[in-house]
Amino acid sequence: MEPVSSAEEKSALVKITVVRGNNLRGNNPNSCETFVRAELDGVLLGESARKQDAPVEGRVDYNFTCSFHCSDAAQALDDIAHKPVILTVTEILPTKNKSKAKMVVLGQAAVDLLPLLQGQSSVSSTISLHPVPGSPGEAASQDSSNKQPSLDVSISAEEPLLSEAQLSASNLLRVTIETAYSVPEVWALTSGSTPPPNTYVAALQVPITAKKDQVLLFCDGLLKAGGQRETEGRPKRRPLGGLLAQGTNFLPGVSIQSEPTEEEVGELTGIEDRAFRDEAETMKKRVSWDTERRCFLDAGGTASLCQRIGESRLWPLEIMRSSAQTMKGGKTGERLTEENGVFFHGVAYVDLGPLLYPGVTRIRGAYRVHPFSETELQEKTKQSVSVFKEQARAASSQAKGRVSSAASCKVSTSKVFDGGSKGPKESPRKPATQGKTPGAESLTNVEPHVNTEGQMYAEARTYIMIEISLEKPLVPKRPPVELAKRVKELIPPRPALPACSVGAERAIQDFHSQVFSVAAQVLDQYQDLFGAEAPPQDSNTQERRKAQLLGELNYSGKYFAFKEQMKHSVVRIVREKMLQTEAFTDPQHFQVFISQLYVFLVDNMHQALKKTVSADIQDSSVQFQLSCSQLMHFAKEAQFIGDYQLATRYYQELVTREPSEPSHWFHWGSLYMLTREHLKAEECFHQAVSIQQSHQSSLMMCGILAEMDGRYEEAEIYLERATSIDTANVVAWTLFGLFHEGQKNTLQSERAFLEAGRLLRAGDMAGQPQLDEEQHDEKKNNEEEEEEEEEKEEDMDVKKKEEEEEMSTPACQSPTVQLDEENTDQDTEPEKEPHTQRAAPRSPVSEASQHEQRCKADPKPAPARPSTTIYRETVEFLLQNNAVQMAQRALSQELLCPDGGQTIFYHLCAARLHLLGGDYCSATACLREALHLNLQRADVWALSGHCHYLTGEFRKAQQYYERCLDLQEPSDTHFIYLRLGGIYLQEGKFESAKAIYLKACKISPSCLTWLGLGIACYRLEELSEAEDALSEANTLNNMNAEVWGYLALVCLKSGRQLEAEQSYKYVVKLNLQKEAIIKEIKELQDHLGFGDPSL
C-alpha cells in the first residue's frame, strides 16, 4: 500500500468490486437512490455512480470497481493484515434545491483483505451492511425475521501478494487484549449518557521484520462496573475507532471463549487464586477492550521473534489511563506532549516462552499488572525505555515541526491509491466516515520518580487477560508419521511369521476332521435306529444291526454323501502326501498305489477314531499345560527371590509360546535391567518394538537406555515417539521432560512437564465427582458424631470452640473442600510448610464475609489439589522396570515439586532405590522416616519387612510382616506370604506356616507356595496332605530339586520304595543344594534300608 520507494520493492494491483447491494432500506420506501464509497485507512479509493434500487427486492446493482497498489514492503503487508476496506452506503434524498442534495449514510461494511496474505488471489463473499444509528435499517435489524442488508463483494489481485517461498516463511500474529479485572477503585464510572472523561490504552511492541518493530496499540478501553461476568462468546473488535456503524468494528465469526483456569498458561492459575479471580471477574470493576490486532511477520520478523523470545521470555504490555479529550486531539493540533504526564502507568509481563514449544500456536492467560518501573523493566525484559515514552518523544518532535498535524492512533505515512479509471490521486482523510484510533504521536509519558498511581495496580491486584496466537508454530512439531519412520529406521520391524504351509500335514489334519464329522453323523444315525442303549454282545445281533444300518444309509443316500464329503480330503492326501499328480499308465503300478493308499487311509482313520474316543486322555494332557499368565507369574516370583536363571527360563518359554507378543520381551528386558545387563535389556526392548512399532513402554525404555549410552538423538526420537502414540500418557511426557532437562533444554522440558500436569489434572477431574460424593458423606457422618460429643460438653467450652472455628474457617466453606484439606494426601508431612506463595493476610472477619458473598455468587467449591504428581507416576513406572538412574532424577524432582516434598511416597521410593542398590542401612533409615509420618501404611511395613529379611533379621521381619497383614492387604501379598511362611518354618511354627501357605495357594498358587504347604504338612506328620501339595508343586515346576527331595522323604516314610528311589534319582540329577535336606534323606534311608538305588 505504500508508494514504491525502490527498485527492489514490487507493487501489485488489488481490485475491490462491489457487485450489488441486497435488502437495502432507505428513508423513502418507494425508491432509494444510493451510492457506495470505498476507503482504506482514511484514504478514498473511489465512489460508485448513483443507483436506484428495485422497489420490491431492495437490490441495487452497483458493479463498482476501485483499486489500489500494494507493495511487498513489510509495513504495507501489515496494513493489509489488519486494515479493512470500509464501504459506506449513502442515500441521496430529494430536495427542492437540486444543487444541494441531502445525503444520509445508511450503513457501513468492512471488507477483510487478509485472504490475500494467505495465498488467495481472488475472493468473493457477501458481507453484512451494518446500519448507522438513526437510519431506517436500524429498527429493521432488531427484528430477526427481516432480511438483513448486505453487499456482494469480490477482491482480487493481478498476481499473488506473496510468493510460495514468502508464504511458507511468513507468519501471522494475532494479539487479543480482552479485559483488565480488579482495576483501581479510584477509577470512577460516568452516569447516564455523559461521555467518559478518560480512555484506557494498552501497547505491545513486536518485530515485523528483522530490523523493524511495530507498536500494537489498543485504544478505547471501556471501564465497566462489576456485578456479573463478561458475556460468553462476545465478538472481537478491530483496532479502529470512530466508525459510523459500530457493528462494522466487529470481526465476523471470531469471538472470545473462556476456558478452564488450569488450561491457561499465564499467572494466577493456582488453587489459592481461584477465589480471588471468581470475585474479581464477577463483582469488581474492569476495563474491557476485546480487541484483536493482526500483525504480518515476514521471514525476518519470524526469526527475530524466535530469537528475542529466546533471549527474554517476558515481554512488556504497557497500560495507561489518559484523558479522552487529549487522545482525540483537536483541529488546532492540541495534543499531549512530554510535559503532559500519562496517568496510571502499569505494565504486565507476558511470558511468550510457550510459543517456542514445538507445535504451539496459541497462549492465553491472566497476567498481573505491576507499577511501571524502568529498573524492573530492564531486569525482566532487557528493555530500557517505555513504549509510551518513545512514542511521546516522537510526538513532541513532530509537534514542534508541525503544529497542525492530524490526530491519529497510528503514525501516518503518505499513501498512493489508484481509484479505478479516475487515475492516481490522493484524497484527504475523512474522519466522518472512518475514524482512526488515537495515534502513537499523541501518546506521552513522563515517568515520575515514584509511580504512586501505578502502585494502585498492585494494591488492587489488577490482572489482564491476553491471548496471543500464530497462524503457524514458531517451532514445528515433528508429525507422528515422521517419528514412526525414524523409529522404523532405528529398529526395523520383525518380518511377519511365515504362513502355515498347506502341505501333507494339513492334508492329513483335514482328513481327520472329515473322519470326525462322518463318524458323528453315523453315530447319530445308529442312535436314531436303535436308541442310545449299549450295543449288544451277541455277534449275530451286531451283524444284523450293521446290515440294517448300511441299508438305511444306502437307502437314504447318506452313504454316497459321506463318500463325496471324504473325496476332497482323500484327493489332497494323494497330491500332498503321496505326491501323485499324474494319471497312471501302468495298471500294476496303479494297483500297488491303491493298496498303499488304502492302508494309509485305514491307519489314519483308526488314529482319528482313537482321538475321538480318548477325550479324557487329551484333557489330562491339556491340564498340565501352563498358561502364559502362570508363566509370567512364576517369572516375577523367581525374579523377586533372586533366581534370575529360572526367571530367564520362564521368559524364554513365554517368547517361544507367543512370539508375536511384545510384552513378554518387555518384561524380560526389565529383568536384565535389574541385573544391570543393559545391552541385553536394550536388545529385549528392541525386540518388543520390532514386533509392535507402537509399543509405548518399550519405546520409553529404549529412550532411557539410549540416553544412558550417550545416544541423545536416538533417545529423543524414542521418547517423542512415545508421547505421540498415546498423547494422554503422563509418564511418557514426564520422561520426555526429564530427558530435555538433562540436555539443558529448558523450554522443551517445561512444555513436557506442563502437558503432563494438564493430563494428570484432567484424569483427576474425570474421577472427582464420585470421590467428592463419598467424601461428602464421610464428612457428614463425622460432623454428626462431633455434634453429639459437643452436646455433652459445657456451654462455655462449646461457645469457645465455635468462636475459634469461626476465626479459622469461613462459614460457607464446602465440606468437600475441608475434607480434602484434611485427607487429600496422607503422604504429606503434617509439619511441612506450604510451597505455594499465598496472598497477604487479611482480617478474618472481612475475609469470611467476602468469601460468603463469593459463595452466593458462585456456589461451586474450589477444586482440590491433585492426589498425585507427574513424578510419582513416573517413579512408579521406572522402579517397576528397574531404571534406577532415571528414577533417581524423577524422585529428586518429586522432592522439589510444590505438591511433593519429603512425603511418605518419597521416603518409600527412596528406600526401594536403596534396596535395588544393596544399601540396606539407608533403606532402613528412609523407612523409619516414613513410619514417623504415618503408621497406617501397609506398604511401608511390608518393605520394612523385606529390608530386614534381606539383612537376616528374621524376627524383626516377621513382626513387620504380621503388622502389615493386620493393617490392610498390601500390594505384594504373595511375596509377603512366601517370606513369612519361610520364617515360620525356620522357627518351627508349622501350623502358622500351613495357614499362611494355604492363603497363598488360594490367592496366587505357584510351585513355591505348594512346596511351603507340603513342607509344613510333612513336619506336622500329615503325609497324605503333604504328598498332594508336593505333587501340585511338581506339576507346576518339575525341575525344582527341593520338591523332589521332600517327595522322597514322604515316600520313604510311607514305605513306598520304588517312588522313593525315583524321587531320589531326581534329587541327585537336579543337584539339590540344601545340605540339611540331603542329610535328612540319607539318615532316613539308612534307618529304613531302602531309597538309594546306588546302594
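Is His345 buried or exposed? At 3% relative accessibility, His345 counts as buried. Keep in mind that this is a predicted model.

- His345 sits in strand S18, which covers residues 343-351.
- The side chain of His345 has a polar contact at 2.8 Å, and the partner is the side chain of Glu318.
- Over in strand S16 (residues 286-297) you'll find Ser288.
- Ser288 has 6% relative accessibility, so it falls under the 20% cut-off and counts as buried too.
- A polar contact at 3.1 Å links the side chain of Ser288 to the side chain of Asp290.
- Leaving out residues up to four places away in sequence, Ser288 touches Glu178, Thr179, Asp220, Gly221, Leu222, Lys224 and Glu230.

**Helix H36 and what covers it**

- Helix H36 runs over residues 1007-1019, and its 13 residues should span 18 Å at 1.5 Å a residue. The end C-alpha atoms of H36 are 18 Å apart, which agrees.
- H36 is mostly covered, with ten of its 13 residues buried.
- The buried set in H36 is Cys1007, Thr1009, Leu1011, Gly1012, Leu1013, Gly1014, Ile1015, Ala1016, Cys1017 and Tyr1018.
- Who does the covering? Helices that cover the buried residues of H36 include H16 (628-641), H34 (973-987), H35 (990-1003), H37 (1023-1036), H38 (1041-1054) and H40 (1075-1088).
- After H36 comes Glu1021, which has a positive phi near 65°.

**Helix H16 and its neighbours**

- H16 has 14 residues and reaches 20 Å from its first C-alpha to its last, close to the 20 Å expected at 1.5 Å a residue.
- Buried in H16 are Cys628, Leu631, Met632, Phe634, Ala635, Glu637, Ala638 and Gln639.
- Cover for those buried residues includes helix H17 (644-657), H18, H34, H36 and H37.
- H16 is followed by Gly642, whose phi is positive and near 90°.

**How H16 packs on H18**

- The axes of H16 and helix H18 (residues 662-674) come within 11 Å and cross at roughly 5°.
- On the H16 side, Met632, Lys636 and Gln639 make the contact, and H18 brings His664, His667, Leu671 and Leu674.
- Sorted by class, the contact of H16 with H18 has three nonpolar, three polar and one charged residues.

**How H12 meets H13**

- Helix H12 (residues 539-556) and helix H13 (residues 558-577) have axes that come within 5 Å and cross at roughly 80°.
- With 65 to 115 degrees counting as roughly perpendicular, H12 is therefore roughly perpendicular to H13.
- Leu553, Asn554 and Ser556 from H12 meet Lys558, Tyr559, Phe560 and Phe562 from H13.
- The residues of the contact of H12 with H13 split into four nonpolar, two polar and one charged.

Key. Residues are numbered from 1 along each chain as its sequence is written. This is a predicted model: local features need pLDDT of at least 70, side-chain atom pairs count only at pLDDT 80 or more; totals for chains, interfaces and linings use all residues. Side-chain values use heavy atoms; hydrogens and water are left out. Axes are lines fitted to C-alpha atoms, for helices over the stretch in contact, and angles run from 0 to 180 degrees between N-to-C directions. Helices (H or I, at least four residues) and strands (E, at least two) are DSSP runs, numbered from the N terminus. Angles under 35 degrees count as roughly parallel, over 145 as roughly antiparallel, 65 to 115 as roughly perpendicular and the rest as oblique. Contact means heavy atoms within 4.5 Å. Ala, Val, Leu, Ile, Met, Phe, Trp, Tyr, Cys and Pro count as nonpolar, Asp, Glu, Lys and Arg as charged, and the others, Gly among them, as polar. Buried means under 20% relative accessible area, exposed over 50%, partly exposed in between (1.4 Å probe, protein chains only). A polar contact is a pair of N or O atoms within 3.5 Å; within protein, one must be able to donate a hydrogen and the other to accept it, and residues adjacent in sequence count only if both atoms are side-chain atoms. The expected span of a helix is 1.5 Å times one less than its number of residues.
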